Each structure stands twice: as structure tokens, then as C-alpha cells.
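Please read the following briefing alongside the sequence and the 3D structure.

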Amino acid sequence: MELTTFFNFASVFLSISVYLFAAMVNSLGINYGQIADNLPPPENVVPLVKSIGATKVKLYDADPRVLSSFANTGVEFIIGLGNGDLAKMRDPNNAQDWVKQNVQSHLPDTKITCIFVGNEVLTFNDTSLSDNLLPAMQSVHAALVNLGLDKQVTVTTAHSLAILQTSYPPSAGAFREDLVDILSQTLSFHQKTGSPFLINSYPFFAYKGNPKQVSLDFVLFQPNQGIIDPATNLHYDNMLYAQIDAVYSALASLGYKKLPVHISETGWPSKGDEDEAGATPDNAKKYNGNLIKLMSKNTGTPMRPDSDLNIYVFALFNENMKPGPTSERNYGLFQPDGTPAYALGITNSNDSTAGGSIFSPTSSSTGYLSISSATERYEFVGNMLMASLLLIKILV
């Protein structure tokens, strides 16, 4: 079957199978990575993204093919500026040239609302990167101001959850002491410019690191007794919400209680190596399906029940050229040919499934590779001990 014809068929099929579901979710986000040599052209991805009800896309670079293909679709874009470009972006002239070429040229047809400068920079423990992070963010923001675009496009950066020193209980959430100074400066920038704080959160790594003690139901949003935060008496029945509230607490401890937190990456792999416990299609279905069902309720976390949950699921496609363990190449909701990686449904409290497969670009993107890699993702594992302790409480 011709590729374009196939994707049109797949789009119609998915539209039918998720019609009711898409109507339920108002702000679904999806990460669109391109570390692969077998992905469809962006114009064939547009109907796929829209058919699943996604209204937001996070792109790891500023691929003009993608941004042009999504013109006049109403889909909101977060675009990325790679770690390797931070030093260059310190120069205001370079930043202005970049913004003109990658942002201004696509507005207003393509709805670009945010630029994330660097990915998980602070957990690399590389001063050549961290020293350039805030200056690069400031230069990009200054370029937006000069071009009159700062009211519609914000500037931020994405962090690994490993920036936390403490995550249990959520009310005791605190940043690593060695990062407090640079984070305080960055947070001041967020507050002044009105940009969100982005965090990449993967409960999968907590389970993978200690499957005998970490409750699988707790990390998969399945029915469980949960835990009570002794300081606030708030009840948590899933790890992701506990992690988000730990971030809120860490922000509040530095005086930034009202700063919005967005989850720029979260997901679950459908396949892994022998030592990657939990990386199965069934668990991926439960994690993403239950997460999306939870998002459809339009409620926040226990600590911030009225705050909008801005969550970007990782990722749209399986990416066959990503480095690292097998799981890294199997986070996609879709295979490159447009078929679902697994049958993703909405899991209810009786573990039955409603609806059909719902969730889930042309050459490899070196821009994405430069800011998202297996190494970065595994920086998260080292600091999951505290999160694991949180789950041990469930078993007591």
C-alpha cells in the first residue's frame, strides 16, 4: 500500500476509535522525536497527531519541515535549542538570527508558544554547559523582545528529576544543594518572563531500579492503597503526582510557590532488555492509558488540585537509532509505519479496557540527538533512591 494512502487510512481508523476519548482530553501533549531513519515525512504525521486529540507537540529542534507541515493546524509547539548550541547563543546576535530563522519565519501560521533552551543540562555536571545555560536563555528572550514576540513565545529549559535531593515525602521536596544557586537564578528568570518550569519524570526508572520493593500498581496508576504525606495529610495513589508535588515543594522552599510546573516528558517503554524490569506492552498500555484518563478529569495533583496539568507523553514514534538499552528505542506510541506499538486503551478500576488503540517523521535529526540521549535519561536513575523509599512505605 502506498505510504501516503496508508497513513490516510490509519488516520481515519484512529479518528473513529478515539473520537470520544479525544473529546475528553483538552490539553494532551506529545513528544515528537526523530532519531530514526525510517520515520514518515512530517506531512503524514499531521493527521496522526490530530487523530489522537493531541493539541501540543514538543519538538527537540526547530525542524522547518515539521513546523511548515503543521502550519494552520492550531497545534501548539514547544521547539528545542540543543545543548551544543548554548555557548553560541550567549551572543545576542546569534540568538536573534536563530529566532528570526526558526521562530519568526513560521509565525503566525505555525503556533510556536515556547522555546526550551537545553535539555537536562544541570544533571550533566558539566560547567561548560551549565555556565552557558542562563545566559543563552536570556539572549533568546532578549531576541524575542527585540522582535516583538515575547508576549506569545516564552523561554525555558527542561530538567531531569535528578535535580531533586529529596522527594519523599512530597512536602519535603528539595533541590540538590550544589544546584541551588544556579536554579535560583534560573527561577528568577522564569518569574520575570512568565515561563514555565519543565521537568522530565519517568516512574519507570524507579521500578526498573528496584522491582521487588517498588509497587508496580503505584507507578502505573493502578488501584492501590497509596501513601499519606505525614506533614500535609495528603493522599497519593501514584508516583508521578508525588514527584510533581515534590517539585512544587522544592520550588516553594526557594520562594517560587506560584511558578507553573509542566511535565515535558513522561512515558513507559513497551520493550526492554532482560534487566529492564517492567518494559512490556501491557505496562506501557497501563501507564499511558491511565495517565491520559487521569488527565481527562482536568484535576491537578493533591498539593495543587486547581492547577492545570500540562503533560507531554514520550513519545510519538519508536526511534530505531537511539543509543542505549533497548527501552530507549521503544517508548513510542506508534511504529514508524503508523500502526500502534501496542493496543492503548483506557483502563478502569476493574482492569478492563474501553476504546481502541489511540496513542500513540523522514531522516534522523541530529538536533534531537544533541539534547536527548540515553545518558541524559539515566542521570535520573541515580537520584531515584528517595522515590523508591516513598514506595517502600506502601509495603509497610
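L39 counts as buried because its relative accessibility is 6%, where buried means under 20% relative accessible area, exposed means over 50%, and partly exposed lies in between (1.4 Å probe, protein chains only). L39 sits in the loop that links β1 (28-32) to α3 (42-51), with helices (H or I, at least four residues) and strands (E, at least two) taken as DSSP runs numbered from the N terminus. The C-alpha atoms of L39 and E319 are 8.1 Å apart in space, although 280 residues separate the two in sequence.

This is a predicted model, in which local features need pLDDT of at least 70, side-chain atom pairs count only at pLDDT 80 or more, and totals for chains, interfaces and linings use all residues. Residues are numbered from 1 along each chain as its sequence is written, and side-chain values use heavy atoms, with hydrogens and water left out.

**Confidence**

- The protein has a mean pLDDT of 84, and 80% of its residues reach 70 or more, pLDDT being the predictor's confidence in each residue on a scale from 0 to 100.
- Over residues 1-26 pLDDT stays under 50, and the model has 41 contacts beyond four places in sequence for this stretch, a contact meaning heavy atoms within 4.5 Å.
- Over residues 346-396 pLDDT likewise stays under 50, and here the model has 175 contacts beyond four places in sequence.
- Where pLDDT is low, the predicted coordinates should not be read in detail.

**Overall composition**

- The protein contains 15 helices and 14 strands, and buried residues account for 59% of its 396 residues.

**Helix α3**

- α3 is mostly covered, since 7 of its 10 residues are buried, namely P42, N44, V45, V46, L48, V49 and S51.
- G53, which follows α3, has a positive phi near 85 degrees.

**Helix packing around α7**

- Helix α6 (residues 92-102) packs against helix α7 (residues 127-146) at an angle of about 60 degrees, with their axes 8 Å apart; axes are lines fitted to C-alpha atoms, for helices over the stretch in contact, and angles run from 0 to 180 degrees between N-to-C directions.
- α6 and α7 are therefore oblique to each other, given that angles under 35 degrees count as roughly parallel, over 145 as roughly antiparallel, 65 to 115 as roughly perpendicular and the rest as oblique.
- In this pair, P92, A95, Q96 and V99 of α6 meet S139, V140, A143, L144 and N146 of α7.
- The axes of α7 and helix α8 (residues 180-193) come within 10 Å and cross at roughly 10 degrees, which means that α7 is roughly parallel to α8.
- That contact is made by S130, L134, M137, Q138 and H141 of α7 together with I182, Q185, T186, F189, H190 and T193 of α8.

**Exposed loop positions**

- G74 lies in the loop between α4 (64-69) and β3 (76-81), and it counts as exposed because its relative accessibility is 51%.
- Leaving aside residues up to four places away in sequence, G74 touches T55 and K111.
- K258, in the loop between α11 (239-253) and β11 (261-266), is exposed, with a relative accessible area of 83%.
- The C-alpha atoms of K258 and Q191 are separated by 8.9 Å, the two residues being 67 residues apart along the chain.
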